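This report goes through selected local features of one protein model. The sequence and structure come next, followed by the notes.

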Amino acid sequence: MRAQDSATGYGTIAVGGGGTETAATPATAPAPTAGTTQAAGTAQAPTAGTTPGTAPVPGTAPAPYAPQHAPKAPVRRGTLLASLGVVAFSLTFPSTAWGLESFGPWSLVALRSTLAALIAGCFLLAARAPVPERRHWAGLAVVAGGVVVGFPLLTTLALQTSTTSHAAVVVGLLPLTTAVLGSLRTGERPSRTFWVAALAGAAVVIGFTVQQSGGALTSGDLYLFGALLVCAAGYTEGGRLARVMPGWQVIGWALMLCLPFAVAGSAVALPLEPVHLTAHGVLGLVWVAAGSTFFGLYVWYKGMAGIGVPRASQLQLAQPLLTLAWSVLLLGEEVSAAAPLAAVAVLVCIAATQRTGRRRAPRPLPAGETGPVRS
């Protein structure tokens, strides 16, 4: 079926036999021909998920929202939010080192998750956020296991034997790890140049960790590499979920999912591990709960929903260098010459991966799921 061109300037609309519509392509509206009339004031702007001049076909999902040219103001706002998230993340390791002055590793992680979940619950109640659909809970469980439980626990255990500057360089590989897992999860196939740069970055990180540990990997390094994997999985799944629900609700519901386990963990760990309250210890706990876990992930996912995962991941390349600066200013650590050089080398390698094109587009969203939801 062919629809007559409307005054909105959109061209032919094709309706397939399966009941789905193909998006209209902009075209210059021709002058009215003989035998046709056009009622004044009847032209309407197309709405998201429908084609101009036609009613939505019953029983079909709306087309994914894919703007061709994003306005500059929302892009700047998304960039600012994602940048705030990177700054918050860069303070995680120094704050964790402070928190370990007062709490044991298991107590610190359990209390961190409990406080962050309580804050998230207040925001969800205030916004009257709807409960996610059942099909999204598996993805939320991956986010919770990766960025709420796995990454904080493994990095906290690592910081008992590693310095924050050392951990910062290793975790500098997180954007690359996220890109690798993301390609497996979404079906994207980066170019060969991407993988060359990826291997170079991995070689730098492994070489740095072996050199700093005296020729062998330590238990702290194994914790850090495990943290990379679980956090990358959480970021990947969270980025996918941010396409179908507001990004800040992704981390909010993931935290609520962990609340019962966090409360139980706090009740078990606190009596078993010594507690020596200090100003640094309390400030460290408050920041990793309110700053890193909730606020950082809140603005990170919200900014990622506004500017997209690739652009947001580029901003996170600055995180290792920021953490190195915080470790010197707040903890008085002496950073070896190899640490900043390794961090810069990792940033160069990861930046190269961001500049290469993809060979295959990501898989489309499952039936019934729309495009990005503005939070």
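## Arg 128 and helix H3

Arg 128 is exposed at 77% relative accessibility, where exposed stands for over 50% relative accessible area, buried for under 20% and partly exposed for the range in between (1.4 Å probe, protein chains only). Arg 128 sits in the loop between H3 and H4. Its phi is positive, at about 50°, although Arg 128 is not a glycine. Helices here are DSSP runs of H or I with at least four residues, strands are runs of E with at least two, and both are numbered from the N terminus.

Arg 128 follows H3. That helix has 23 residues and reaches 33 Å from its first C-alpha to its last, close to the 33 Å expected at 1.5 Å a residue. The expected span is 1.5 Å times one less than the number of residues in the helix.

## Basis of the values

The model is predicted, and local features need pLDDT of at least 70, side-chain atom pairs count only at pLDDT 80 or more, and totals for chains, interfaces and linings use all residues. Residues are numbered from 1 along each chain as its sequence is written, and side-chain values use heavy atoms, with hydrogens and water left out.

## Aromatic pairs

How many aromatic pairs does the structure hold? There are seven. Rings of Phe, Tyr and Trp (its six-membered ring) count as a pair if their centres lie within 6.5 Å; planes under 30 degrees apart are stacked, over 60 edge-to-face, and the rest tilted. One of the pairs is Phe 123 with Phe 294, with ring centres 5.0 Å apart and planes at 50°, so this pair is tilted. Phe 123 belongs to helix H3 (residues 105-127) and Phe 294 to helix H10 (residues 279-307), so the pair ties together parts that are 171 residues apart in sequence. Phe 123 is partly exposed, with a relative accessible area of 39%, whereas Phe 294 is buried at 5%.

The rings of Trp 137 and Trp 253 have centres 6.2 Å apart and planes at 80°, so they form an edge-to-face pair. This pair also links distant parts of the chain, as Trp 137 is in helix H4 (residues 137-158) and Trp 253 is in helix H9 (residues 247-272), 116 residues apart. Trp 137 is partly exposed at 26% relative accessibility, and Trp 253 is buried at 12%. Elsewhere, ring pairs join Phe 89, Tyr 235 and Trp 300 into a cluster.

## Salt bridges

The structure holds two salt bridges, each defined as a side-chain nitrogen of Lys or Arg within 4 Å of a carboxyl oxygen of Asp or Glu. Glu 133 and Arg 135 form one of them, at 2.2 Å from N to O. Glu 133 is partly exposed at 43% relative accessibility, and Arg 135 is partly exposed at 42%.

Arg 240 and Glu 237 form a salt bridge in which the closest N and O atoms are 2.9 Å apart. These two residues are both buried. Arg 240 and Glu 237 are three residues apart in helix H8 (residues 219-241), so about one helical turn separates them. An α-helix has 3.6 residues a turn, so residues three or four places apart point the same way.

His 276 lies in the loop between H9 and H10 and is exposed, with a relative accessible area of 52%. Leaving aside neighbours within four places in sequence, His 276 is in contact with Glu 101 and Ser 102; contact means heavy atoms within 4.5 Å. His 276 and Phe 103 are 173 residues apart in sequence, while their C-alpha atoms are 6.7 Å apart in space.

Leu 270, Val 275, Leu 277, Val 282 and Val 286 make up a nonpolar surface patch with about 390 Å² of accessible area together. Patches consist of residues with over 30% relative accessible area and no salt bridge, with like charges joined within 9 Å and nonpolar side chains (Val, Leu, Ile, Met, Phe, Trp, Tyr) within 5 Å. Accessible areas come from the Shrake-Rupley method with a 1.4 Å probe, and for residues only the protein chains shown count as cover. Val 282 is in helix H10 and is partly exposed at 37%.

## Thr 323

Is Thr 323 buried or exposed? Thr 323 is buried, at 3% relative accessibility. Thr 323 is placed in helix H12 (residues 319-331). Apart from neighbours within four places in sequence, Thr 323 is in contact with Ser 90, Phe 93, Pro 94, Thr 164 and Ala 168.
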